[in-house]
Amino acid sequence: MEIGIFIYDGVEVLDFSGPFEVFSTAARFVDEPVHISLIAPSHAPVSCRGGLSVNPHYSIHGHPRFDLLIVAGGQHQHVLNNTSVLAWLAETATHTRRCASICTGVFLFAEAGLIDGKSVTTHWDDLAQLQTSYPHLKVCQDKRFVMDQNFTSSAGISAGIDMSLELVKVHFGKTLAVKTARQMDYNWL
């Protein structure tokens with residue numbers, strides 16, 4: 001299983017590191033290889049919100065084909081206007097079995113026109129802006145995550161861990177998802 005997590009300058013640290021931890025922990029308990037990669041607009045280090053610097057594994061210009069593509073949230077406004085990123089996201093999503101967003105990452109999928117008509121959520125502080133900016137979405141409040149066919153979105157920051165555990169459950173089964181949460185010492189379900 002190939003999992004790509006898209007990050008960019010201003011990304012929220014737990015938005016990508018939480019899911020990275022969930023999938024890398026789950027990988028310890030399965031026979032099939034699970035590869036998790038961080039993807040960024042370029043190979044340059046990404047400056048996260050709070051100042052953490054992270055080196056991506058790949059750029060949008062060359063990476064494996066994904067089974068799951070996750071877009072992390074954060075200070076996304078500058079990347080939301082990056083036509084290269086939006087074109088890459090639109091192209092990559094069409095070849096990806098399942099896509100997901102954490103927090104404000106949903107704005108990138110919406111701007112790329114990939115989730116029209118879908119039920120989605122985001123951080124509580126961004127729900128109104130999401131609904132106003134993209135009235136064709138069914139924005140759900142008071143949900144940790146929302147699954148709509150092959151697209152899953154989560155509320156803010158820590159909700160991405162809950163969403164990732166649910167995606168582990170979908171792909172590998174409930175027993176493995178519970179085992180993963182227990183190994184992480186995470187109170188889930």
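Trp-88 is buried, at a relative accessible area of 8% (buried means under 20%, exposed over 50%, partly exposed in between, with a 1.4 Å probe and protein chains only). The model is predicted: local features need pLDDT of at least 70, side-chain atom pairs count only at pLDDT 80 or more, and totals for chains, interfaces and linings use all residues. Residues are numbered from 1 along each chain as its sequence is written, and side-chain values use heavy atoms, with hydrogens and water left out.

**Exercise 1.** Classify the pair of Phe-6 and Trp-88, and state which elements hold the two residues.

Solution. Rings of Phe, Tyr and Trp (its six-membered ring) pair if their centres lie within 6.5 Å; planes under 30 degrees apart count as stacked, over 60 as edge-to-face and the rest as tilted. The structure holds 4 aromatic pairs. In one of them, Phe-6 and Trp-88 are 5.1 Å apart centre to centre with 35 degrees between the planes, a tilted pair. Phe-6 lies in strand β1 (residues 2–6) and Trp-88 in helix α3 (residues 83–94), so the pair ties together parts 82 residues apart in sequence. Helices (H or I, at least four residues) and strands (E, at least two) are DSSP runs, numbered from the N terminus.

**Exercise 2.** Is Phe-6 buried or exposed?

Solution. Phe-6 has 1% relative accessibility, so Phe-6 counts as buried.

**Exercise 3.** Classify the pair of Phe-107 and Tyr-134.

Solution. The ring centres of Phe-107 and Tyr-134 are 6.1 Å apart and the planes stand at 70 degrees, so the pair is edge-to-face. Phe-107 is buried at 1% relative accessible area, and Tyr-134 is buried at 7%.
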